[in-house]
Amino acid sequence: MVVQSLEGVGSVQSSIDVAANPHSEDNSSPKKRRVSSRLQVKQKPQKELLVRQRVELLDDNEQGPRKKQANVRGRQTGEVADSEELPKATDSVEKSDRVRVKETLRLFNKHYLYFVQEEEKRAVKAEAQKKASRAAKRGAKKSKKGDLKKADTKVAKRPDLKALTKMNDEKEILFPSKRFGSIPGIDVGHQFYSRAEMVAVGFHSHWLNGIDYMGQSYSKGKYSNYTMPLAVAIVISGMYEDDLDNAEEVVYTGQGGHNLTGDKRQFRDQVLERGNLALKNCVEQDVPVRVVRGHDCKSSYCGKIYTYDGLYKVVKYWAEKGISGFTVFKYRLKRLEGQPLLTTNQVQFINGRVPQSISEIRGLVCEDITGGLEDIAIPATNLVDDPPVAPTGYTYCKSIQVAKNVKLPTDATGCNCKGSCVDSKTCECAKLNGSDFPYVHRDGGRLIEAKDVVFECGPKCGCGPSCVNRTSQRGLKYRFEVFRTPMKGWAVRSWDFIPAGAPVCEYVGILRRTEDVDSASENYYIFDIDCLQTMKGLDGRERRSQAVCIPTVNSLERPDDHRSDNVPEYCIDAGSNGNIARFINHSCEPNLFVQCVLSSHHDIKLARVMLFAADNIPPLQELTYDYGYALDSVLGPDGKVKKMFCHCGAAGCRKRLF
């Protein structure tokens, strides 16, 4: 199965700090307006055709989806003269191991959320059956209805395991065969938000066992010189009373004889077989093992977060009477030298690094950039400039403002659901999404997968604000911080964990006609709403899931509207008025994606632009998304190709933004 790209829809002219003047946003030094590929159609069609052919050639060679898609400003890089030498972009033919790991985890999350949705549907059905059963008990057919209740109300509780089963069946496990040493693309400090995620990428092959090992089936071929079994990975999660963890050195208790009720006590002797024998063989054959530590974490659905802490050598083993009086096997492990520093303590106490009050914030230059407009204050910090400055030059707004010459469509006829939409077969809004809801209730609402467009319930719907199909309309719910960076200007990070599929924020500004901002010379915050062009796959845009039913009254069916076939008619201008989204930067390996949403009306050309989490995002990680420029696709006023460095810092950085 091909993993669907989670890059955005919509093209953008992103805001960029000039490298020689990192304060350009504050000092208002002269800057040339960057011309987006949208304008190439009007200015230089021959060049646009060559660029498009080049992009198509790159895509044919699987060099990564760098098509013109939803993109936004972000003070990313410095402009350079055409004669200056830029580093070559790294559009490699093969995907990096890091990207493959990320895509596999995204695929797992997609399957996981799908099965969460199935579980939620069964829960609704079970509740309805319970009510029917209670009503029936007051009638003459109590026993039959009671049997029905027992038969039909069982609800699955492990969608993560169902997701693994599906990935196994579809051969989507990244590294299905076990191996010694590190796993490509997974560095020391990598965090897993469940044991199932480890299984999905082939890091640890079992969701429950603490010791992962190679069995006798590996005794042939490249491992024929080894005596099996041999351990490849262990999980330290505090489940055994005899464990001793001193970070660089560990005394690990073998498997078996453990009371699984949670009191950590042994109830019988351990036996030198399976994983225990595998660790013993590691001592004798000098084979290191991967060590993962688990810590309590409220953000993870399994209650723990797991951190890869590197390779450890098993230096000794012995048997002894444990605390409970039963024989246990002990293994002393020492961390191999030359690896990155341990991050477990930082992960374990990650929330302790997040300021708990205004007085604890280092480099604070503004207590709340929203001026009280948002329910949660957004501070700004600056540890880069001397003297430190706050973000200026704009007015914060939390909702879209509409230009005088733009007329919004009338509110669409909504669904007749009451309270909350629950039946996707009868809800009119769900029918527009392929007769299903795009979100699950878990974690306050999460989008199962990226779509061309998501139809949400609107002002004329019968449901209330708690309806799952209004997930993106609830405003900001995470604690954000705007902070200054040395190379990219202002940036955004969250103080809270953000689960994959969760809405982060809307791109807010002034809704304008695109033709009205074409002449602007210093506005780098224009976000073209090209949902319609993306749905049609025009100009190399990457199409998404087509499981939607587009109403015939919108722009797709307007035969007289020829301009919209190639050029977005509307855009969002966050230059003078905007929200936190205007500060989110580009990355070649982003953790957010752009999703177009329709709620109050159904005009594709005027869709809302939302940013969603593409991955499970830990606290204090910068929030980014891919602006999606094709290389050599941006022309200056003189018609020459403009080039910009990319300073996103990703391992797979293309070196150039465009």
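Which residue forms a salt bridge with arginine 442? The views below come from a predicted model, in which local features need pLDDT of at least 70, side-chain atom pairs count only at pLDDT 80 or more, and totals for chains, interfaces and linings use all residues. Residues are numbered from 1 along each chain as its sequence is written, and side-chain values use heavy atoms, leaving out hydrogens and water.

**View 1. Arginine 442 pairs with glutamate 119.** The closest N and O atoms of this salt bridge are 3.9 Å apart (a salt bridge is a side-chain nitrogen of Lys or Arg within 4 Å of a carboxyl oxygen of Asp or Glu). Arginine 442 lies in the loop between strands S14 (439-440) and S15 (446-447), and glutamate 119 in helix H4 (residues 97-137), so the pair ties together parts 323 residues apart in sequence. Helices (H or I, at least four residues) and strands (E, at least two) are DSSP runs, numbered from the N terminus.

**View 2. Aspartate 309 and arginine 293 meet in a salt bridge.** The N to O distance is 2.8 Å. The pair links strand S8 (residues 304-321), which holds aspartate 309, to strand S7 (residues 289-296), which holds arginine 293. Aspartate 309 is buried, at 0% relative accessible area (buried means under 20%, exposed over 50%, partly exposed in between, with a 1.4 Å probe and protein chains only). Arginine 293 is also buried, at 3%.

**View 3. Glutamate 284 and lysine 280 share helix H8 (residues 274-285).** They are 4 residues apart, about one turn of the helix. Their salt bridge has its closest N and O atoms 3.0 Å apart. Glutamate 284 is exposed at 51%, whereas lysine 280 is buried at 15%.
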